[in-house]
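Please walk me through this structure. Start at the ligand, then look at single residues.

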Amino acid sequence: RTFTIAAIPADGVGTEVVAAGRAVLDALAAGSGGRFAFDWTEFPWGCGYYEKTGRMMDEDGLEALQDFDALYFGAVGWPSVPDHISLWGLRLRICQSFDQWANVRPVHFHPGITSPLRKADDTPLDWVVVRENSEGEYAGLGGRNLAGRGPGNEVALQTALFTEKGCERIMRFAFDLARGRERKKVSSVTKSNAQQYGMVLWDEVFERVAADYPDVETESVLVDAMSAKFVLHPEDLSVVVASNLNADILSDLGSALAGSLGLAASANLNPDRRFPSMFEPVHGSAPDIAGQGLANPIGAIGSAALMLEHFGLADEATRVREAIEATTASGLLTPDVGGTAKTDEIVEAILTHLA
Ligand code: NAI
Ligand code: MG
């Protein structure tokens with residue numbers, strides 16, 4: 001069958017890594033003997049579009065996207081546009097409008113890439129951050145200049161929103177994911193000692209949901225302690241479920257521990273499948289290296305593998321991951337992980353391993 005995909009490369013290295021992911025998916029389809037195909041539509045939205053039109057995406061952009069089988073996203077943000085405008089105008093707008101409430105961010109370690117975590121005994125490390133992606137600290141609630149005070153005295157409020165239903169669905173998602181893994185364990189992350197309303201609700205829902213999964217081990221860890229645990233005892237992690245902000249930070253930490261932000265893949269899922277899901281690397285637009293062919297495409301290509309799984313093409317997803325690992329194991333690496341290879345060379349090598 002033919003899967004329709006909307007590509008939204010957006011800004012900076014987003015355009016470079018989306019092109020890389022497309023090349024890999026197109027090669028897979030070409031080799032599938034007609035079993036499956038990908039029909040791409042590219043959307044020009046992003047900061048350049050904003051500078052021309054005053055909008056990050058078309059007004060009817062969500063309608064234009066809603067019937068695709070999946071969205072493949074690069075990264076949004078450029079120094080010429082305030083980050084809160086670009087992020088809210090495109091990526092967060094899509095995630096929230098399409099109720100992509102589960103953001104899955106595997107922390108995956110690649111052969112041939114040095115991690116600051118690799119232990120002497122070489123314990124295999126592999127965990128996944130499940131991020132609540134629809135509410136929490138990124139609910140967008142609050143306001144500026146609330147007390148009507150003048151310059152120098154402004155008061156701003158930024159509120160986090162936690163709903164029982166929102167907490168419950170992301171936790172069930174995390175537990176279901178854990179059941180399919182070798183280590184059946186879910187670690188819940190909050191700061192409920194200091195944030196006594198929403199995060200205490202989170203803790204209570206976690207306990208209640210955990211009771212339905214007696215076969216899954218659990219723990220509740222405060223976010224500051226969890227950031228230490230990522231570094232000191234990562235072998236004790238399997239599925240880590242956290243609120244929007246906490247998981248955002250922890251997943252960047254996880255990808256850095258695996259060697260680079262450029263390696264990390266992610267899926268913004270609408271598990272109900274009422275709306276399209278969106279697949280994107282964890283990293284941003286990397287203005288410091290954009291346009292030089294230096295971007296590590298592995299995060300974006302790994303995200304394409306998550307998209308293949310979403311399409312029910314699990315064997316193809318495995319083939320892509322094996323091709324990525326064969327490439328890193330061969331020592332062909334981009335500068336962010338200590339090599340000198342260009343984006344294109346990585347893609348070529350992955351295509352060769354796929355063939
Ligand atoms: P960033 O992720 O763009 O860059 C952080 C560091 O990681 C930089 O040194 C960069 O060179 C490096 N890096 C990132 N991706 C890489 C790759 N594929 N290969 C090699 N090195 C890579 O984060 P930063 O600098 O905080 O943000 C830059 C812009 O991106 C901002 O406008 C920000 O708002 C936006 N952003 C967008 C995201 C998204 O669209 N999902 C996520 C994070 C940031
Ligand atoms: Mg982030």
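**Around the ligand**

Of the 22 residues around ligand 1, those that come nearest are Gly77, Gly262, His283, Gly284 and Asn296. A residue counts as near a molecule if its C-beta atom, placed from the backbone, lies within 6 Å of it. Two elements give two or more residues to this shell: α1 (13–30) and α4 (83–97). The largest share, three residues, comes from α4. Helices (H or I, at least four residues) and strands (E, at least two) are DSSP runs, numbered from the N terminus.

The shell around ligand 1 divides into 10 nonpolar, seven polar and five charged residues. Here Ala, Val, Leu, Ile, Met, Phe, Trp, Tyr, Cys and Pro count as nonpolar; Asp, Glu, Lys and Arg are charged; the others, Gly among them, are polar.

This is a predicted model, in which local features need pLDDT of at least 70, side-chain atom pairs count only at pLDDT 80 or more, and totals for chains, interfaces and linings use all residues. Residues are numbered from 1 along each chain as its sequence is written, while chains are lettered from A and ligands numbered from 1 in the order in which they are written.

Now take Pro281. It sits in strand β12 (residues 277–281). Pro281 is buried because 30 other C-beta atoms lie within 10 Å. Buried means 20 or more such atoms within 10 Å, exposed 12 or fewer, and partly exposed in between, with C-beta atoms placed from the backbone. Pro281 and Gln100 are 181 residues apart in sequence and 15 Å apart in space, C-alpha to C-alpha.

Arg183 lies in the loop between α5 (164–179) and β8 (185–190). Arg183 is partly exposed, because 14 other C-beta atoms lie within 10 Å.
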